[in-house]
Amino acid sequence: NPGGVVGAGLSTPPIRDFSPGAIASIFGQQFTAPGAPLRRVSGADLVNGQVPQVFAGVCILVGTVRAPVFLVAETQVNFQIPRVDAGRADIRV
């Protein structure tokens, strides 16, 4: 998707370099079933007080580290960048 992975603030130009703790959005297709409602993490979804790393059936890997996921929609996922080694890291849904 042309939107790819960008800073969740949706600035122009898009932010594509991240530090640990940054909030990012991934734009694509079919993260949920067509027409499924947007899901946001609520207090009931927390795992030991933490944002889940698997939410609404979605997991994000930054390099080999799972990221906290707090919003899942059909065409967008919002997540927090985990602590990983400096440099480039593949991001997979």
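**Overall picture**

Mentor: Of the 93 residues of the protein chain, 27% count as buried, where buried means under 20% relative accessible area, exposed over 50%, and partly exposed in between (1.4 Å probe, protein chains only). This is a predicted model, in which local features need pLDDT of at least 70 and side-chain atom pairs count only at pLDDT 80 or more, while totals for chains, interfaces and linings use all residues. Residues are numbered from 1 along each chain as its sequence is written, and side-chain values use heavy atoms, with hydrogens and water left out.

Trainee: How many helices and strands does the protein chain have?

Mentor: The protein chain has zero helices and nine strands. Helices (H or I, at least four residues) and strands (E, at least two) are DSSP runs, numbered from the N terminus.

Trainee: How do strand 7 and strand 8 run relative to each other, parallel or antiparallel?

Mentor: Strand 7 and strand 8 (residues 76-80) run antiparallel and are joined by three bridges; two strands pair if DSSP finds at least two bridges between them. They form a hairpin with three residues between them. Val69 stands opposite Phe79 in strand 8.

Trainee: And what about strand 3 and strand 7?

Mentor: Strand 3 pairs with strand 7 (residues 69-72) in the antiparallel sense, over two bridges. Arg40 stands opposite Leu71 in strand 7.

Trainee: Changing topic, where does Val51 lie?

Mentor: Val51 is in the loop between strand 3 (39-40) and strand 4 (54-55). Leaving aside residues up to four places away in sequence, Val51 touches Val41, Leu46, Pro68, Val69 and Phe70, a contact being heavy atoms within 4.5 Å.

Trainee: Why does Val51 count as partly exposed?

Mentor: Val51 counts as partly exposed because its relative accessibility is 33%.

Trainee: Lastly, is Ala86 buried or exposed?

Mentor: Ala86 is exposed, because its relative accessible area is 83%. Ala86 is found in the loop between strand 8 and strand 9 (91-92). Ala86 and Pro20 are 66 residues apart in sequence, with 9.7 Å between their C-alpha atoms.
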